[in-house]
Amino acid sequence: MFMIRFFLSLFFVVTIYSFSGNAQEKTSLNTKDFEKGINGTDVQILDVRTLAEYQSGHLQKALLADWNDPVQFKERVLFLNKTKPVYTYCLSGFRSKQAMEWMQKNGFEKVFNLDGGILAWKKAGMPVEALQEVKQITIEQYFAGIPADKTVLVDIGAVWCAPCQKMAPVIDSLTTSQEVSFILLKIEGGEQEELVKQLSVNALPTFIVYKKGKEVWRKQGIVGRQELIQQLQ
């Protein structure tokens, strides 16, 4: 009887360990499985490197939240959908593994990490995108694009910015609405770094309203549709 109990106990321990090990393995994916995952529907791809690293080459449609900047990271991941899969990566997989574990502890249901990071991705011959060199807009050109006789809404965002993507439908709806008349000027803040500095923009997205050529209102982050309408009237 003792031996039977011993082997049964040993069996359950090994079984539990095996299940937990398999569950752990499923969150760390090789390049082939990671590629298969990000090609699915309703997935979110998160690059947790720095902006400079992102600009040097990133996965298509990847959002950016720098793990080394805790404040920025927490602010940006809050705009992700916790019920939809999130695929994280960094240079070698170390930072993204930490980010994955943090997200798992904070309510994200399905988070996966690219084992070996973008280094392994490139080694496997997988494609990456790099920001091409873009002609910089001078501050003079910027103000020349703001007519003195019109109301202008400047939308400074970036393709890798999660809150910017969340605001996009709101801005699009205003451009087709009859509620307010204005000119929309979109600035890619991830590319126009010098202009962003000269405009003292510290976070993305940032919205600025000009009337009669003068700045009358500015706000960063998520803005309600009705608040925008009030400022544009």
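Good morning. A search of the whole structure finds 9 aromatic pairs. In that search, rings of Phe, Tyr and Trp (for Trp, its six-membered ring) pair if their centres lie within 6.5 Å; planes under 30 degrees apart count as stacked, over 60 as edge-to-face, and the rest as tilted.

A word on the source. This is a predicted model, in which local features need pLDDT of at least 70 and side-chain atom pairs count only at pLDDT 80 or more, while totals for chains, interfaces and linings use all residues. Residues are numbered from 1 along each chain as its sequence is written, and side-chain values use heavy atoms, with hydrogens and water left out.

I return to the rings. The centres of Phe-34 and Tyr-87 are 5.4 Å apart with planes at 85 degrees, so this pair is edge-to-face. Phe-34 belongs to helix H2 (residues 31-38) and Tyr-87 to strand S4 (residues 86-89), so the pair ties together parts that are 53 residues apart in sequence. Helices (H or I, at least four residues) and strands (E, at least two) are DSSP runs, numbered from the N terminus. Phe-34 is buried, at 0% relative accessible area, and Tyr-87 is buried at 9%. Here buried means under 20% relative accessible area, exposed over 50%, and partly exposed in between, with a 1.4 Å probe and protein chains only. Ring pairs link Phe-34, Tyr-87, Phe-112 and Trp-121 into a cluster.

Trp-67 and Phe-73 form another edge-to-face pair, 4.9 Å centre to centre with 90 degrees between the planes. Both of these residues, Trp-67 and Phe-73, are buried.

Let me turn to the pockets. A pocket is an open set of points on a 1 Å grid over the protein atoms alone, where a 1.4 Å probe fits, with protein on both sides within 12 Å along at least five of seven lines; lining residues have an atom within 4 Å of a point. Grid points are joined across faces, edges and corners, and a volume is the space filled by probe spheres set on the points.

The largest pocket holds about 540 Å³ of space. Its lining comprises 24 residues, with Gln-72, Arg-76, Asn-202, Ala-203 and Leu-204 nearest the centre. Helix H4 (70-77) and helix H9 (193-198) are the elements that give two or more residues to this lining, and H4 gives the most, with 4 residues.

The second largest pocket has a volume of about 240 Å³. Residues lining the second largest pocket include Ile-38, Lys-61, Phe-79 and Gln-165. Strand S2 (44-47) and helix H8 (162-175) each give two or more residues to it, and H8 gives the most, with 3 residues.
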